[in-house]
Amino acid sequence: MPDAPLVDRYVVLRDGVAVGEATGEDTSYVDASLTPGTVYGYQVVAVAGTQRSEPTPLASVQTTAPSPVDLVVRPSGTERFRLRWSPPPDSPDPDTYVILRNGDQVGTVPGTATEYVDSGFARGARYRYRVAAMWAGNVSTPSPTVKVRSFAAPLQGSWQVVIKNTATPGGTVKVGDKSR
């Protein structure tokens with residue numbers, strides 16, 4: 001069996017397009033220009049002098065889509081909640097954040113924003129908030145759930161309030177005070 005020519009370099013193809021090279025001695029390549037949550041197909045072509053091998057079989061991989069972290073939900077007045085979070089660690093800014101209340105999307109903000117004010121909910125009700133990041137239409141797993149309860153409705157009608165004053169022996173009365 002004749003000896004195969006020594007490989008000078010490897011050409012890395014992503015989705016059929018050359019994206020990088022590795023020397024003939026390297027057996028790995030790091031592709032850093034990827035979008036989170038996206039499926040990519042990789043192949044490798046060996047090059048020896050002017051000869052090129054056929055591409056390797058296609059290997060499909062999906063990048064992770066990291067979740068936003070540190071979600072905090074606080075009342076903002078009696079009829080709103082202010083949500084704040086931190087971007088997903090070790091990833092580019094997402095295109096958009098998706099705000100979820102009780103599992104339903106209630107809003108979106110640009111990927112450069114890290115807060116949202118929610119309103120339009122029932123008084124005295126319980127809610128579960130989560131935030132997900134989106135890159136090129138790929139959505140991350142939502143952040144951990146934060147549970148909150150909105151303020152109850154204000155009291156309606158008339159209420160009698162009774163204030164009872166008591167005298168303390170040895171007390172003093174200042175000018176302007178009224179006694180009964």
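Two strands count as paired when DSSP finds at least two bridges between them. Strands themselves are DSSP runs (E, at least two residues), numbered from the N terminus. By that rule, β6, β7 and β10 form an open three-stranded sheet in the order β6-β7-β10, with antiparallel pairing. The model is predicted, so local features need pLDDT of at least 70 and side-chain atom pairs count only at pLDDT 80 or more, while totals for chains, interfaces and linings use all residues. Residues are numbered from 1 along each chain as its sequence is written, and side-chain values use heavy atoms, without hydrogens and water.

**The sheet**

The edge strands are β6 (69-75) and β10 (115-119), each of which pairs on one side only. On average, neighbouring strands of this sheet are turned by 20° against each other, direction ignored; the axes behind such angles are lines fitted to C-alpha atoms. Five bridges join β7 to β10. Among the residues involved, Leu83 has Tyr116 in β10 as its bridge partner.

**Aromatic pairs**

Two aromatic pairs turn up in the whole structure. Rings of Phe, Tyr and Trp (its six-membered ring) pair if their centres lie within 6.5 Å; planes under 30 degrees apart are stacked, over 60 edge-to-face, and the rest tilted.

| Pair | Centre to centre | Angle of planes | Type |
|---|---|---|---|
| Phe81 and Tyr129 | 6.0 Å | 70° | edge-to-face |
| Trp85 and Tyr97 | 5.2 Å | 70° | edge-to-face |

Phe81 sits in strand β7 (residues 80-86) and Tyr129 in strand β11 (residues 126-135), so their pair ties together parts that are 48 residues apart in sequence. Trp85, in strand β7, and Tyr97, in strand β8 (residues 96-101), are twelve residues apart. Phe81 and Tyr129 are buried (under 20% relative accessible area, 1.4 Å probe, protein chains only). Trp85 and Tyr97 are buried too.

**The core**

A nonpolar core is a set of buried Ala, Val, Leu, Ile, Met, Phe, Trp, Tyr and Cys residues joined through side-chain atoms within 4.5 Å. The largest one has 19 residues; Leu71, Val73, Phe81, Leu83, Trp85 and Tyr129 touch the most other members. Two or more residues come from each of β6, β7, β8, β11 and β13 (146-149). Strand β11 gives the most, with five.

Leu83 has contacts (heavy atoms within 4.5 Å) beyond four places in sequence, including Leu71, Val73, Ile99, Tyr116, Tyr129 and Val131.

**A charge over a ring**

Arg101 lies over the face of Tyr127, at 5.5 Å from the ring centre. The criterion is NZ of Lys or CZ of Arg within 6 Å of the ring centre and within 35 degrees of the ring normal.

How values were computed:
Helices (H or I, at least four residues) and strands (E, at least two) are DSSP runs, numbered from the N terminus. Buried means under 20% relative accessible area, exposed over 50%, partly exposed in between (1.4 Å probe, protein chains only). Axes are lines fitted to C-alpha atoms, for helices over the stretch in contact, and angles run from 0 to 180 degrees between N-to-C directions.
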